[in-house]
Amino acid sequence: MAARPTWQGHLKLSLVTCPVALYTATSSSSHVSFHLINPETNNRIRMVPTDPDAGPVERSDLVKGYEVSKDEYVLFDDEDFEKVRLESTRTISIDQFVDKDDIDRLYWDDPFYVVPEKGVGAEAFAVIRDSMKAAGKIAIGCLVLRGRERQIALEVRGKGLVAYSLRPHDEVRDADDYFDDIPAVKADKDMVDIATRIIAQKEADFDPTQFKDRYDEALKEMIKAKQKGGKGLVEAPEPDDTNVVDLMAALRASLKGSAAGKPPAKKAAAKKPAGKKKAA
């Protein structure tokens, strides 16, 4: 496998253990990134740590500080961080099993592919995977990754498993803090009916290959244009806000537009009339 594993250790379910490796399931390498350049010299700018009083300083001489109040910091050096570093057991121990719907989607985070190491561990991995599939459950466990303990959820996917790191409870904000101020508006029944029909007309299969980052795509096109010595701008105007007075008219127009753009339904082939049975 070309990619390097993010983590290597063991997956354990009760007394069944097998060696596994975790690989990051997503990549951001296709995103356009930039460096700061001095346009007068075309040199790339190097960021130099600077003390407002002492001037430039070596990055290796710096320590980290946690701001406890305005301009007051508690300082930490490498030895301090070593004292709180968690000892990695190199084991993902499955502690419990839950239904997938029991985990609020706000808690799901980074995905990793869980792959068994070649050798005798493959059979033990298959036992864990197939038992999870038969039970239809999500496994909950934890591991130490990059010095931090992370709660993870494991689900069966094909011949392998996918491990999702789960956000801690205190990192997920309470939706009521944002939704409580939404006014209690009773939607018009006829409008809801039309909107429901629009939804039905736009029903489709989920196809992530159609998802594009228009901003990144525009940047790439502009980069190509600049490489050729030209200039290019891509406009993506925002849609107008819905005029509440014309909401019903907008819904009716949307319904007609959706129907017009929908391919005609295929007619079922006409059935041949059944022949008369001959008398015995």
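Let me begin with what I mean by a pocket: on a 1 Å grid over the protein atoms alone, it is an open set of points where a 1.4 Å probe fits, with protein on both sides within 12 Å along at least five of seven lines, and its lining residues have an atom within 4 Å of a point. This is a predicted model, in which local features need pLDDT of at least 70 and side-chain atom pairs count only at pLDDT 80 or more, while totals for chains, interfaces and linings use all residues. Residues are numbered from 1 along each chain as its sequence is written, and side-chain values use heavy atoms, with hydrogens and water left out.

The second largest pocket is lined by Asp-109, Arg-148, Glu-149, Arg-150, Gln-151, Ser-165, Leu-166, Arg-167, Pro-168 and Glu-171. Strands here are DSSP runs of E, at least two residues long, and helices are runs of H or I of at least four, both numbered from the N terminus; β12 gives the most to that lining, with four residues.

Turning to the interior, a nonpolar core is a set of buried Ala, Val, Leu, Ile, Met, Phe, Trp, Tyr and Cys residues joined through side-chain atoms within 4.5 Å, where buried means under 20% relative accessible area with a 1.4 Å probe, protein chains only. In the largest such core, which has 20 residues, Leu-11, Ile-92, Val-114 and Leu-154 touch the most other members, and α2 gives the most to this core, with four residues. A second, separate core of nine residues includes Val-98, Ala-153, Val-162 and Leu-166.

Finally, in helix α5, Asp-216, Ala-218 and Leu-219 are buried, and α5 is followed by Gly-229, whose phi is positive, near 90°.

Key. Buried < 20%, exposed > 50% of the residue type's maximum accessible area, 1.4 Å probe, protein only.
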